[in-house]
Protein chains: 2
Amino acid sequence: MSNTNILYQHGTLALLVPGLLDGTITMKELLSHGDTGIGTGEGLDGELVILDGTPYQVDSNGNVNIVKNDFTLPFANIHFGSYQPLTNVDGISQKELEEKILSLTSANTFFSIELHGQFTNVKTRAVKKSHKPYDTLAKTAESQSIFEKDTVTGTLLSYYSPEIFDGAAVGGFHHHFLSDEHDFGGHLLSFGTASGDVKLQQFDTLEQHLPVKNQSYMDFDFSGEDILGDIHKSE
Amino acid sequence: MSNTNILYQHGTLALLVPGLLDGTITMKELLSHGDTGIGTGEGLDGELVILDGTPYQVDSNGNVNIVKNDFTLPFANIHFGSYQPLTNVDGISQKELEEKILSLTSANTFFSIELHGQFTNVKTRAVKKSHKPYDTLAKTAESQSIFEKDTVTGTLLSYYSPEIFDGAAVGGFHHHFLSDEHDFGGHLLSFGTASGDVKLQQFDTLEQHLPVKNQSYMDFDFSGEDILGDIHKSE
C-alpha cells in the first residue's frame, strides 16, 4: 500500500512556535507512513534522520542514537523513498546547489532531495530536550548545540515546500544531515561545498496529519502569535 | 477504504489567483475521494456542491445542473460524509452561527459543517466560465452573477480551515449552499438568519493533492503574486 507520491507530515512547524512540544505520534506509527524522513522528538529532543527505515537521532551532545518504536515526536516528515537521479555536483556551494535543483524541477510542489557524497565545512545543530511546561521555539533554540566538521562523507536529506504553503510547512528547503560513520549530523545550518550524486523524488500529495487528540494543541489560541515570523527566525 | 477523518483537497486557492484555471481532476476521480464536497469547474465554471455523491453545479445563470463524470475542476474539497449532531439554531445570524460553532469545536484542525434548514435573505454567487488565456481571479470575479432569496429551505455545506494553514486553504469558513428544490445555490456570500440542525465532521488529515501533470501550474512563478491578499479580497 506504499505510495511514493505522498509526503506524510505529522504536526506543523507552526505548533512548535508557541512550544506545543508533546510527542503526538510514535516512531512505530510514523514508520507505517514511510522509510525516509526527518523530525524532532518530544520537547525538541534532538534531530531525527530516517534512512532506509532506520530512525537515527542526533542528540544535543552530538551522539547518534537509533530510537525505539515508542519514541514520540511532535513533528515529522516521512515518505517511502523512490528517488530518481537528478544531477551530479562537484564542489558546489549550498546556494548554488539549491539554485541548481530549482532550475531542474518545479518549485510548485513538494519534493525531497537525497545527496550522498563529500561535504566540507558542515555546520549542524541539535536542540536539548525540554520538559513541560515547554518553552517557545525561539527560547528553546537558544540552548541548541552546534557541531562542525571540516570534511565528512554522508547523506543530506532535504524536503522542499512551495512558498505558497509557507505556514503549513516552511517554504523552501529544510535539510538534515547524517554522516556515513554515524558520528555526526543534525539539522543542517550550512555547508561549504558538496560533491556527489543528487537524487530527486517529487510528490503530488501532502498528507497533513494533525494531533487532534492532543488537548494542548486543540485548545491553543494561535491568534496572538507571529507564527511565520518566528519560524523563519528559528529555522 | 473510505476514511472519514480525511479531507481531500485538489489544487489550492492560491493557484486560482493568477488564473491557473485548467481542469486538472475529473469528477469521476474526485468522487473516489468522497461523497460530500465543494469546488469549481475549469475556467471557474460555476460553483459545485456535492451531496450524497451527487455533484450539483450552480452555473452563472443560476441554473442547477448535475455534472458528468468527465467534468473537470481546478479546485475542490471532498470527503466521505459522517457528521455528528453539534447544535440546533433558530433564527441565528451568520456571524453568530460561526461564533457558536467555534465555541463548540477547536479552530486548530479542518472540519466541515452541514446545516439543513430554513434560511432568510440568502445571497450567493456563481462565476461565468472563462476560456484560455484565463483572467486572474480578481478579474474573473468581476463578472460574477449574484442570486438572492428572501426565504429558502436548503443545505449549507461549509469547510473550516485553521488560520495557520492560510495559503494552502483560506483560513476560516468557506460556505456553499443548495436549496432543497435544486433551484438556487452557489458560493454563499451572506445570509440573514438560519434555523435548523447543525452537524459537524472533524478531520485529522488534510490530503492536499497538487496538479503536478499540469505544466502551466508547475512552471508558474508565484514569487510576484500577493496570493493571500488576493484570496481574501475575492473569497
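Which residues do ring pairs link into a cluster? In this predicted model, in which local features need pLDDT of at least 70, side-chain atom pairs count only at pLDDT 80 or more, and totals for chains, interfaces and linings use all residues, Phe119(A), Phe177(A), Phe184(A) and Phe191(A) are joined in this way. Residues are numbered from 1 along each chain as its sequence is written, chains are lettered from A and ligands numbered from 1 in the order in which they are written, and side-chain values use heavy atoms, with hydrogens and water left out.

Rings of Phe, Tyr and Trp (its six-membered ring) pair if their centres lie within 6.5 Å; planes under 30 degrees apart count as stacked, over 60 as edge-to-face and the rest as tilted. By this rule there are 18 aromatic pairs over all chains. In one of them, the ring centres of Phe119(B) and Phe191(B) are 5.6 Å apart and the planes stand at 80°, so the pair is edge-to-face. This pair links distant parts of the chain, 72 residues apart: Phe119(B) belongs to strand S10 (residues 111-126) of chain B, and Phe191(B) to the loop between strand S13 (185-190) and strand S14 (193-202) of chain B. Strands (E, at least two residues) are DSSP runs, as are helices (H or I, at least four residues), and they are numbered from the N terminus. Both Phe119(B) and Phe191(B) are buried, where buried means under 20% relative accessible area, exposed over 50% and partly exposed in between (1.4 Å probe, protein chains only).

The rings of Tyr160(B) and Phe173(B) also form an edge-to-face pair, because their centres are 5.0 Å apart and their planes are at 65°. Tyr160(B) lies in strand S11 (residues 145-161) of chain B and Phe173(B) in strand S12 (residues 172-179) of chain B, 13 residues apart. Tyr160(B) counts as buried at 4% relative accessibility, and Phe173(B) counts as buried at 18%.

Chain A is superposed on chain B by a rotation of 180° with 0.0 Å of shift along its axis (RMSD 0.0 Å). That is the relation of a two-fold axis; the superposition is by least squares on the C-alpha atoms of residues with pLDDT of at least 70 in both copies. Glu207(A) is the residue of chain A that comes closest to the rotation axis, at 2.3 Å (C-alpha).

Ser195(A) is placed in strand S14 (residues 193-202) of chain A and is buried, with a relative accessible area of 15%. Beyond its neighbours within four places in sequence, Ser195(A) is in contact with residues including Val89(A), Gly91(A) and His116(A), contact meaning heavy atoms within 4.5 Å.
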